[in-house]
Amino acid sequence: DKTGQTGTLEINDVRAKIDLTPIDDFMSVTVDAGARLYNQGKLQLKYQTLHPDTFKLQVRLNDFDLSLLNEMVSPTLSMEIKSGIVNRYFTEIFATSDRAVGAAGISYKNLHIGINKRGTTKSNTILSVISDDLVLAGSKKWVISEYEAERIKHKSVINYWVRLSAQGAID
């Protein structure tokens, strides 16, 4: 985490099927869920534990105003989504005890992201805006990016979704 703060994710109209399957000496969890993200975009999630310290995650999102993610993204990643609409988004993550690898694909329009000075959520002066902030802007019809990160064992699955998805979208 870059800020030491916690973000908030709002999920509405959740429908989920959860299966617990004993495999050897642990209980495998499989989740197949659908929901609305911030009462808007259609979110589909599939999650499965393959071993006590190994999981795979698939997430799909359609038709969503990205600026609504600021409640989750801004506190944790020192960035702000100023505008943007996702037409289609997917990510697939496979994580072992040491590494998380995967891919993200996204189609979006009118995206404007402000990346703030490391360790802050907002810049304090006009000088720091000029010298320390970076703004990414644009539209993409369809871009796919692969990613890899060291796994921090005490972090949640959502942490990897946010970090690796942001990395994939920016790449």
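A strand, as I use the word here, is a DSSP run of E with at least two residues, and strands are numbered from the N terminus. With that in hand, I looked up Met27 and found that this residue lies in strand β2. I keep in mind throughout that I am reading a predicted model.

**Entry 1**

**Entry 2: the nonpolar core.** I then turned from the surface to the largest nonpolar core, which has 29 residues, and I looked up the members that touch the most other members: Leu37, Leu57, Phe64, Leu66, Leu69, Ile81 and Tyr89. I saw that β2 (26-37), β3 (41-51), β4 (54-65), α1 (70-77), β5 (79-95) and β6 each supply at least two residues of this core. I wrote beside this that in soluble globular proteins nonpolar side chains tend to be buried together.

Entry 3: How far apart in space are Thr8 and Asn70, C-alpha to C-alpha? I read off 8.6 Å, although the two are 62 residues apart in sequence. When I set aside residues up to four places away in sequence, the contacts of Thr8 were Tyr38, Glu71 and Met72. Thr8 is partly exposed, because its relative accessible area is 44%.

**Entry 4: Ser107.** Is Ser107 buried or exposed? I found that Ser107 is buried, because its relative accessible area is 7% and the limit for buried is under 20%. Ser107 is found in strand β6 (residues 99-115). Again not counting residues up to four places away in sequence, I listed Ile85, Val86, Asn87, Arg88, Lys140, Lys141 and Trp142 as the residues that Ser107 touches.

**Entry 5: salt bridges.** I searched the whole structure and found 4 salt bridges. I looked at Arg60 and Glu92, which form one of them, with their closest N and O atoms 3.9 Å apart. Arg60 lies in strand β4 and Glu92 in strand β5, so this pair ties together parts that are 32 residues apart in sequence. I noted Arg60 as partly exposed at 35% relative accessibility, and Glu92 as partly exposed with a relative accessible area of 33%.

I next looked at Arg99 and Glu148, whose salt bridge has its closest N and O atoms 2.5 Å apart. This pair links distant parts of the chain, as Arg99 is in strand β6 and Glu148 is in strand β7 (residues 134-150), 49 residues apart. Arg99 counts as partly exposed at 35% relative accessibility, and Glu148 counts as partly exposed at 45%.

I also looked up Lys82 and Glu80, whose side chains meet in a salt bridge at 3.5 Å, N to O. I recorded Lys82 as partly exposed with a relative accessible area of 46%, and Glu80 as partly exposed with 26%.

How values were computed. Residues numbered from 1 in each chain as written. Predicted model: local features only at pLDDT ≥ 70, side-chain atom pairs only at ≥ 80, totals over all residues. Heavy atoms only, no water. Helix = DSSP H or I, 4+ residues; strand = E, 2+ residues; numbered from the N terminus. Buried < 20%, exposed > 50% of the residue type's maximum accessible area, 1.4 Å probe, protein only. Contact = heavy atoms within 4.5 Å. Core = buried A, V, L, I, M, F, W, Y, C linked by side-chain atoms within 4.5 Å.
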